[in-house]
Structure formats: structure tokens, C-alpha cells
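Reader: I would like to go through this model by question and answer. Please keep to what can be computed from the coordinates.

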2 protein chains.
Amino acid sequence: VNQLNYLRLMISVSILGYGNVAWHLVNAFEAATDINLIQVYSRSEINNKDLKVAHVKELSQLVPAQIYIIAIPDDAISNFSKQLDFKDCLIVHTSGSLPLSALKIQSRKGVFYPLQSFSKNKPINFSEIPFAIEADNSSDLALLKTLANSLSPLVYKIDSIQRKQLHLAAVFVNNFVNYMYTIGEELCQSNDIDFNILKPLIKETALKIEKLSPNEAQTGPAVRFDRETIENHLQILPLEYKEIYTLLTNSIQKDVKKL
Amino acid sequence: VNQLNYLRLMISVSILGYGNVAWHLVNAFEAATDINLIQVYSRSEINNKDLKVAHVKELSQLVPAQIYIIAIPDDAISNFSKQLDFKDCLIVHTSGSLPLSALKIQSRKGVFYPLQSFSKNKPINFSEIPFAIEADNSSDLALLKTLANSLSPLVYKIDSIQRKQLHLAAVFVNNFVNYMYTIGEELCQSNDIDFNILKPLIKETALKIEKLSPNEAQTGPAVRFDRETIENHLQILPLEYKEIYTLLTNSIQKDVKKL
């Protein structure tokens, strides 16, 4: 295989946007050996001297690529996509909540959704991040699978309706879970308790479900119907969290009764 | 130091009860080099041929020890303790929710609370488990600190009022968090999505707060006041979880406004 042929086998990609997700994808694709990252489009300056890929500020400067990845805020994706008049290529978005049809384009459509909570500048190990992919036809799906596999072995075929539910489930296991941590921290702080004491329990709670279904792993006063402990808890809980405690306790108990 | 002196320096301990917590403590103390585990009291047979320590079925068979650890269900502790008429010793319970005064005894009292969710037969690495300790006087506190340190470097002095709040906080970060996982799993199952796709996010959410305060780590549609996504979520969420979604979203947003 001479070098020209090799380059042809590599997937050529350009990234449109340079927010959180784009930043991580650019870093990851630059490091991937089988991806030919061609350009990054961003209207504003890019303050990153480590950036190797070419930066363009105008859509008219974009050269042909097999895949264009739109990585901009959800509410801007549809309108932005209307400006892309490339024909023989696959254009994907990276949003968990938007359907494939959010792309208003003439070319082939796809979704390339990395399911993780990204923070800028915090290094991400992509090999542990699942990708939910979707496309209109099986060859584009295979192309997206190859693209995703260049970063991670965890690739799932998820359609638009499933992806919405997945995004919603992620709100529960990420956003709402983090809020439970916040309440735990606040209870510690207002009682002069070092929050660090809870961190091993937090970690173990997350690790436990790698082997056990969360349904089987449920413990605590609610699932035990331990009314005395529940009443004691409600007595010492600040007013603002009483409704949450009661609602979650009742909901856990309803689930037990269903079984 | 001859062996007799050495034995005198070791802390002598007996464990009363043989449930989940007791089972793990027995294993751990048998492995600890500086603890002299003397007896385990349990009215029923112990089906464990690896058990090295002597098992007694009658309280009258208990010989003197420096520390007796009561590890039985919370609601049985007070009444059980009344039967213990030892004088020159420290008797502790292992409950997160009961005060020191739950021990109805003549001898010195303490609490030795390992803050973790135990499952029988699942090996526990005690060196990662925090102990919350309490005693009536500083020498007993020092004794309990030495006892805890024989298993873990993570030892916290926590009084009865704090421990109740800590136990309550643990319900949020363990029981309620696990319930969020359960909802996430149910949303996946009813939409034919492999729940494994959420596990890396679950893990990252827990690991994130080792470096970031959960308050700073909060992301998602609630904290962004992203009304469109919230409404979309509520439209596709099963009725039974709508109230939880709305209440937690509102509560997250109230917290943001307070800042």
C-alpha cells in the first residue's frame, strides 16, 4: 500500500464548530491514526497553538470531506445546516436530543452522539465513551461505525426516537444524580461534616451497578419500608428538600409493590 | 517486646451479631495484625468453615474484651444492650442513625460506624471505607481511632447529631442516586436501548466530584434553563416519573437563583 492509497482508505473529516464537544473531538481525531482531519470551521479566533488542523472562518473555505461533523449548540443546528450545500458527503450532528431530520440538507444525514458530559480542558479518554450513531442507510452507518471505532470500541446503533429517550435517561443518571450529590454536600456543610466522608460511598454506588442491576442494588429505608427512619429523616431535613425525600421514597416503594 | 507484652498492646475485640456488617468486620479484623479478635456472639449457627475466631451462642460465654462491637439491626440495639452487664470495657454500636444514648449500658459507650453499603459475600476493601467514630471521652475516642485505623486511614470524629445528618445525606447520595439509575434503566429497557451505554456516564458523574464540587459540576437542561428541552423531555417521559423530573428541575433552578 503506497501512501496515496493509504490516505484514500483513511476517512476524511472536517468539524464545524469549536465548542466543548468539538474541542475534544478535534484533539481525539488529531491523535487517531486512521482519520484524516482536514479542517475546523469556527467564525471566531481559535486560541490554541497546539492545533494542527487548518482553521477556516468562512463556510466557503471548506474543502471536500467524506464527513462533516456539526458540533454547535442544539438550538442553532437546523438553521446552520441550511447553509451547507455540499452534495456528495455525509453531514452529521452530535446532539442527543435532536432527530436526524433536524438537519435541513441535500446531502446524506447522520448522527454521531458521544454520550458523555464534557468539560472543556478536562482530558477525556474517548476509548471509554459510547457513541450513539444513526444514518439513513447501512453504508453510512458502517462509515460512522468506522469513524466512532477510531476513538472507542463502544458504538451503538440508536434511532432518533431512542436517542431522545436515551438523552432523557442521561438527565436522570447524570444531572439528577449530581443534584443528589449537591444535596448531600449541603447537608454535610450545614452540619460541619467533611463532604469527603461521603465520596467512597458515592463511588461504590456507581461501581456497584457494573455488576448488579440498579433495581437489585436498591437499599435504604424506603425499600425496607422502615417508617421510623423515614420519619426521623423528615424531622431533621431542611424544608426545601422534604418534598424530594417524600416523593422519591414513595416512588421507590411503589416500584417495590409492583414486583 | 516479648509475646505477652505484644498481646497486651493489641486491642482485644469481640463482635456481637453476625449479619452483613459483622461478617465483613470479622473478616477484616481476622486479617488485621494489631487486633486480637476474641469471640463472635450469634444465637444461630455460623455456616463458615473459614471462621477462625471462637463462636459463642450465649452472652454468658463472652470473656473480657476491651471493645465489644454490637452489629445487629438498628431496632434491636437498645434492648439488646440492656443485657450486657460488663463493666470495665467499651461497648459500641455500628449504626448510622442511632445516637450514642441508644446504648442502655453501665459501661463506657461509643459508636463505630463504617460508612458504606455492604452486601454479604461481596468483598470489601476496608482501606477505602470511612469510619465515623464517637465516644464519651477522649481516651475512648483515641482507642476507637486506633481500632478504625487498623482497617482504614479514613477516620472521622462525628457526634450523634452529625451522624444522623450524615446518614440522611447518605440516603440521597446512595439510595436516591441508585433510584435515578433505576429510572434510567427503565427508560432504556422500555425503548429497547442497552443500559450499558449509560454506564460510562454514570461512572464519570461519580468520579467528577472527586475534583469538582457537585454544585460546580451541575450540567443539563435545568441549570441551563433550557425550557424547550425540558418540555420535550416531559412529553416523552412516562407519567409516573413526570413529577420527579419537574420537582428536581425546579429545585435545581431554585438553587441557581439563590447564588
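Reader: Which residues does B:Ser160 touch, not counting residues up to four places away in sequence, and with which side chain does its own side chain make a polar contact?
Author: This is a predicted model. B:Ser160 belongs to helix 5 (residues 160-189) of chain B. Leaving out residues up to four places away in sequence, B:Ser160 touches B:Pro99, B:Leu100 and B:Glu134. The polar contact of its side chain, at 2.9 Å, is with the side chain of B:Glu134.

Reader: Is B:Ser160 buried or exposed, and what is its relative accessible area?
Author: Buried means under 20% relative accessible area. B:Ser160 falls under that cut-off and is therefore buried, its value being 15%.

Reader: Where does B:Ala102 lie, and what separates its C-alpha atom from that of B:Ser81?
Author: B:Ala102 is in the loop between strand 5 (90-93) and strand 6 of chain B, and its relative accessible area of 7% makes it buried. B:Ala102 touches B:Ser78 and B:Ser81, residues up to four places away in sequence not being counted. B:Ala102 and B:Ser81 are 21 residues apart along the chain, and their C-alpha atoms are separated by 8.5 Å.

Reader: Which residues of helix 2 of chain B are buried, and against which elements do they pack?
Author: Helix 2 (residues 20-31) of chain B has twelve residues and spans 17 Å from first to last C-alpha, close to the expected 16 Å. Its buried residues are B:Ala22, B:Trp23, B:His24, B:Leu25, B:Val26, B:Ala28 and B:Phe29. The elements they pack against are strand 1 (11-16), strand 2 (35-41), strand 4 (67-70), strand 6 (108-114) and helix 4 (138-149) of chain B.

Reader: What is the strand order of the open sheet in chain A, and which are its edge strands?
Author: The sheet has eight strands with mixed pairing, in the order 3-2-1-4-5-6-7-8. Neighbouring strands are turned by 25° against each other on average, direction ignored. Pairing on one side only marks the edge strands of chain A, strand 3 (54-56) and strand 8 (155-157).

Reader: How many bridges join strand 1 of chain A to strand 2 of chain A, and how many join strand 2 to strand 3?
Author: Strands of a sheet pair through backbone hydrogen bonds, either parallel or antiparallel. Strands 1 and 2 of chain A run parallel, with A:Ser12 opposite A:Asn36, and are joined by six bridges. Strand 2 (residues 35-41) and strand 3 of chain A also run parallel, with A:Tyr41 opposite A:Val56, and here the number of bridges is three.

Reader: How many residues of strand 1 of chain A are buried, and which point one way and which the other?
Author: In a regular strand the side chains alternate between the two faces of the sheet. In strand 1 of chain A, six of six residues are buried. Those pointing one way are A:Ile11, A:Val13 and A:Ile15, and those pointing the other way are A:Ser12, A:Ser14 and A:Leu16.

Reader: What angle does helix 2 of chain A make with strand 2, and what angle does helix 5 of chain A make with strand 6?
Author: Helix 2 (residues 20-31) of chain A lies across strands 1, 2, 4 and 6, running at about 150° to strand 2. Helix 5 (residues 160-189) of chain A packs on the sheet, where it touches strands 5, 6, 7 and 8. Its direction and that of strand 6 of chain A make an angle of about 20°.

Reader: Where is A:Asp192 placed, and what is its phi?
Author: Most residues other than glycine have a negative phi. A:Asp192 is in the loop between helix 5 and helix 6 (199-208) of chain A, and counts as exposed at 69% relative accessibility. Its phi is positive, near 60°.

Reader: In which loop does B:Phe225 lie, and what is its phi?
Author: B:Phe225 lies between helix 7 (214-217) and helix 8 (227-236) of chain B. With 36% relative accessibility, B:Phe225 counts as partly exposed. B:Phe225 is not a glycine, yet has a positive phi of about 50°.

Notes
Residues are numbered from 1 along each chain as its sequence is written. Chains are lettered from A and ligands numbered from 1 in the order in which they are written. This is a predicted model: local features need pLDDT of at least 70, side-chain atom pairs count only at pLDDT 80 or more; totals for chains, interfaces and linings use all residues. Side-chain values use heavy atoms; hydrogens and water are left out. Two strands pair if DSSP finds at least two bridges between them. Helices (H or I, at least four residues) and strands (E, at least two) are DSSP runs, numbered from the N terminus. Axes are lines fitted to C-alpha atoms, for helices over the stretch in contact, and angles run from 0 to 180 degrees between N-to-C directions. Contact means heavy atoms within 4.5 Å. The expected span of a helix is 1.5 Å times one less than its number of residues. Buried means under 20% relative accessible area, exposed over 50%, partly exposed in between (1.4 Å probe, protein chains only). A polar contact is a pair of N or O atoms within 3.5 Å; within protein, one must be able to donate a hydrogen and the other to accept it, and residues adjacent in sequence count only if both atoms are side-chain atoms.
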